[in-house]
Amino acid sequence: MITILIAALLGLCVSAIAVVKGKKRRGGGGGGDASTGLSQGIGSDHDHWCCSSVQEMSLHGGPPAAGDETAEELLARVQGMAAAVLAAATAAGAFPGRWKAIAAKLERLPACLSDLSSHPCFAKNALCRELLQSVAATLAEAAELAGRCREPPRAGKLQMQSAIDALAGNLDLNLRDCALLVKTGVLSDASGSSPPAEATAGTTPSEAQADVRELLARLQIGHSEAKNRAVDGLLEALHKDERSVLSVLGRANVSAMVQLLTASAPKVREKAATVICQLAESGSCEGLLVSEGVLPPLIRLAESGSLVGREKAAITLQRLSMSPDIARAIVGHGGVGPLIEICRTGDSISQSAAAGALKNLSAVPEVRQALADEGTVRVMVSLLDCGAEVGSKDYAAECLQNLTSSNDSLRRAVVSEGGLRSLLLYLDGPLPQESAVSALRNLVGSVSPDSLVSLGVLPRLVHVLRVGSIGAQQAAAAAICRISSSADMKRVVGEHGCMPLLVHMLEAKSNGAREVAAQAVARLVSYPPNAREMKKDEKSVPSLVQLLDPSPVNTAKKYAISCLLSLSAIKRCKKLMISHGAIGYLKKLSDMDVAGAKKLLERLERGRLRSLFSSK
């Protein structure tokens, strides 16, 4: 029986060698097929050359040239090889346990090939031909090893065991690829055998989608080099027409791309990270990426990847962390530490992205303490002082704003790390950012009044009231309101020229800005010199009267009443209130039981009666 099997296998190998020699005579020796390497290792130099050639092509990951065979002829030859190799594997005397497992895999191969060949588009798709060539290479390797294992080896046992285990892995890969190729649906979309990279500029949308599906399928099958080429093609497709790629993207494709983040080749990891970064930035794949497990490998890449890998990982984490749920998951997977390290040592782009990610994480209240425990406060203060880009500084200010929004211990931590001084220096720019002013507002209550004065907080707030955006001005007015708790601080605030600027804010379009300005004025005007300063401004009383509007949208009315009560003792101001219609507003507000409305109404009506009697 063994003699018959060996003769059959020799016949196949000789036939394969003859094919190669025939092609060489026709000038096609360099395009030999993968399966022509079938050999039983019986000592022939030609047999040894065939197997070495096949193994070399397999190791490089690229499928050998297709040769002149049709897909049907290639399939028939591979099926014949499979039967012969199964017999050789069964007859192998050395390492019987390992060969029994390989024989079980070989027994599954005919059914897989049958499923593949039964598809209507089998003969039209390049992927089918490439898979058959890969199977042929694996069978050739199996035949060579089985021939060497007919008898127990006298030496090199460990090396042979390793080779057999590698063969088993290749067989598993072939079986898996065959099943995936049938399941992807790409065979139905293919209309020809040309690879996607050769698509012409006149490709129709449906053809482009078919090409993309084939590229996505290639991410899931084959060796690393083939997947590397598929990633290159996918990057090009995303650059040309992102919408077409997104329209056919499926869970299996995303899963395959995520797995490439852990590929052994750094270049493949970088390219996979680039594709995933672009998918995340599209805004339509965040949930799919996270559900397919992108966070752990992405965080590892941010921690120990190449410069390109770390940059793409940081940008992707910044985009994904905009979702509170994903932000919590990033913290849970240990993503804070790598992001902090990128802020310390990364280039300007990576640093900005990592700072943006940490800013997004800090927007989730329950993870703020974890961020602080990892050292986020110190890093953000450092970025404010010497960040490589303006964007990094903006993100740092926003992160500090979030961290100090509701936690006294974190406020104290920021102050102790020098955060207040850094924020003040940052506000010296021509256009002070709202986030920095808001962070300053959060911190002023954690510093003594004397320190606020000595650090120069008030000149910065005045600067913001003059040139800042309406949001920054609103935060500055809120900070002034918090500072002005004592008569001495009210005096200092008034001496810095805040009153006219706050009065001007009473006319702002934003209801929130008007409200906080009125609140600050109400607190400051209780100090008589500030009231006198306000009296000099012709717009102060008319602006406050307009804020008596009883509309529910107007949230500044209670503060406007407080201001007007403080000014009602001044005869000129009282006349202005009456002449601008304050009594009508106050009657409605009295009916609504707004605090102070009745008291102010009575004062104004008494004053009006006196003026009527005196005029008579």
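This is a predicted model: local features need pLDDT of at least 70, side-chain atom pairs count only at pLDDT 80 or more; totals for chains, interfaces and linings use all residues.
Start with helix α3, residues 71-91, and helix α5, residues 126-148. The two pack at an angle of about 25 degrees. Their axes lie 9 Å apart. Angles under 35 degrees count as roughly parallel, so α3 and α5 are roughly parallel to each other. The crossing of α3 past α5 is left-handed.

Which residues make the contact? From α3 come Ala 71, Leu 74, Leu 75, Val 78, Met 81, Ala 82, Val 85, Ala 88 and Ala 89. From α5 come Arg 129, Leu 132, Gln 133, Val 135, Ala 136, Leu 139, Ala 140, Ala 142, Ala 143 and Ala 146. By class, the residues of this contact split into 17 nonpolar, one polar and one charged.

Stay on α5 for the next stop. Thr 138 sits in this helix. Is Thr 138 buried or exposed? Its relative accessibility is 4%. Buried means under 20%, so Thr 138 counts as buried. Set aside the neighbours of Thr 138 within four places in sequence, and its contacts are Leu 167, Asn 170, Leu 171 and Asn 174.

Now move to helix α8, residues 205-218, which holds Ala 210. Ala 210 has 11% relative accessibility and therefore also counts as buried. Where does Ser 244 lie relative to Ala 210? In sequence, the two are 34 residues apart. In space, Ala 210 and Ser 244 are 9.7 Å apart, C-alpha to C-alpha.

Notes. Residues are numbered from 1 along each chain as its sequence is written. Side-chain values use heavy atoms; hydrogens and water are left out. Axes are lines fitted to C-alpha atoms, for helices over the stretch in contact, and angles run from 0 to 180 degrees between N-to-C directions. Helices (H or I, at least four residues) and strands (E, at least two) are DSSP runs, numbered from the N terminus. Angles under 35 degrees count as roughly parallel, over 145 as roughly antiparallel, 65 to 115 as roughly perpendicular and the rest as oblique. A crossing is left-handed if the near helix is turned anticlockwise from the far one by less than a right angle, and right-handed if clockwise. Contact means heavy atoms within 4.5 Å. Ala, Val, Leu, Ile, Met, Phe, Trp, Tyr, Cys and Pro count as nonpolar, Asp, Glu, Lys and Arg as charged, and the others, Gly among them, as polar. Buried means under 20% relative accessible area, exposed over 50%, partly exposed in between (1.4 Å probe, protein chains only).
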